[in-house]
Amino acid sequence: GGEAAFREFRKANGEWFHDDTYLFAYDMDLNVLLNPAFPEREGRNLADHRDAVGKAVHGDIRAVVKANAAGWVDTVIARPGSSTPAKKRVYVMAVTIDGKPGIIGSGFYY
């Protein structure tokens, strides 16, 4: 199930989480299920959250997944361990997590 995989995804300097590259997962209501770089976000709802330039990026992520099952979304967010916003390009896709529709993604800062 989701939690068993999430344990692997949370391991720092592991196969799935290294420096500022990590997987994140949401349910379709935009509740954070996984974010090893920002664990304080897990359990929070990001439906109303805006990025550093005021973009409702999580709503955009959900819209891309609903429309195309997968795709790219651009955002501006601080890297893990930093407070300075940086451009980030994320790839997201529709998945099933513990039998429910969800979203998984990863990205890169540039």
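User: Which residues have the most contacts inside the largest nonpolar core?
Analyst: Those are Tyr22, Phe24, Tyr26, Ile61, Val92 and Ile103, in a core of 20 residues. A nonpolar core here is a set of buried Ala, Val, Leu, Ile, Met, Phe, Trp, Tyr and Cys residues joined through side-chain atoms within 4.5 Å. Buried means under 20% relative accessible area, exposed means over 50%, and partly exposed is in between, with a 1.4 Å probe and protein chains only. Keep in mind that this is a predicted model: local features need pLDDT of at least 70, side-chain atom pairs count only at pLDDT 80 or more, and totals for chains, interfaces and linings use all residues. Residues are numbered from 1 along each chain as its sequence is written, and side-chain values use heavy atoms, with hydrogens and water left out.

User: Which elements supply at least two residues of this core?
Analyst: Strand S1 (24-27), helix H2 (57-68), strand S3 (70-78), strand S4 (85-97) and strand S5 (100-109) each do. The largest share is from H2, with four residues. Helices (H or I, at least four residues) and strands (E, at least two) are DSSP runs, numbered from the N terminus.

User: What does Ile61 touch?
Analyst: Leaving out residues up to four places away in sequence, Ile61 touches Phe24, Tyr26, Val73, Val90, Val92 and Ile103. Contact means heavy atoms within 4.5 Å.

User: And what lies apart from that core?
Analyst: Another core, of seven residues, with Phe6, Phe9, Leu23 and Leu34 among them. As a general point, nonpolar side chains tend to be buried together in soluble globular proteins.

User: OK, zoom out. How many helices and strands are in the protein chain?
Analyst: Two helices and five strands. Read from the N terminus, the order is α-β-β-α-β-β-β. The radius of gyration is 13 Å, close to the 13 Å from the globule rule for 110 residues, so the chain is as compact as a globular protein of that length. That radius is taken over C-alpha atoms, and the rule is 2.2 Å times the number of residues to the power 0.38.

User: What box do the C-alpha atoms fill?
Analyst: Roughly 35 × 35 × 20 Å, along the principal axes. Of the 110 residues, 39% are buried. Among contacts with a separation of 6 or more, 41% are between residues 24 or more positions apart.

User: Surface and charge next. How many positive and negative side chains are there?
Analyst: There are 14 positive and 14 negative ones, and the centres of the two sets lie 3 Å apart. Lys and Arg count as positive, Asp and Glu as negative, while His and the chain ends are not counted. Each charge is placed at NZ of Lys, CZ of Arg, CG of Asp or CD of Glu. The accessible surface is about 6100 Å², and carbon and sulfur atoms hold 52% of that. Accessible areas come from the Shrake-Rupley method with a 1.4 Å probe, and for residues only the protein chains shown count as cover.

User: Back to single residues. Is leucine 46 buried or exposed?
Analyst: Leucine 46 is buried, with a relative accessible area of 3%, and it is found in the loop between strand S2 (32-34) and H2. Its contacts, not counting residues up to four places away in sequence, are Tyr26, Leu30, Val32 and His58.

User: Where is leucine 30, then?
Analyst: Leucine 30 is in the loop between S1 and S2. It is buried at 0% relative accessible area, and has a positive phi of about 70° although it is not a glycine.

User: What about phi of alanine 69?
Analyst: Phi of alanine 69 is near 70°, a positive value in a residue other than glycine. Alanine 69 lies in the loop between H2 and S3 and is partly exposed, at 40%.

User: Which residues does valine 65 touch?
Analyst: Met28, Ala70, Val92, Met93, Ala94 and Ile103, again not counting residues up to four places away in sequence. Valine 65 is in helix H2 and buried, with a relative accessible area of 5%. Its C-alpha is 5.7 Å from that of methionine 93, 28 residues apart along the chain.

User: Last one: where does arginine 10 lie?
Analyst: In the loop between H1 and S1. Arginine 10 is partly exposed, at 27% relative accessible area. Beyond its neighbours within four places in sequence, arginine 10 is in contact with Glu3, Phe17, Leu33, Leu34, Pro36 and Glu42.
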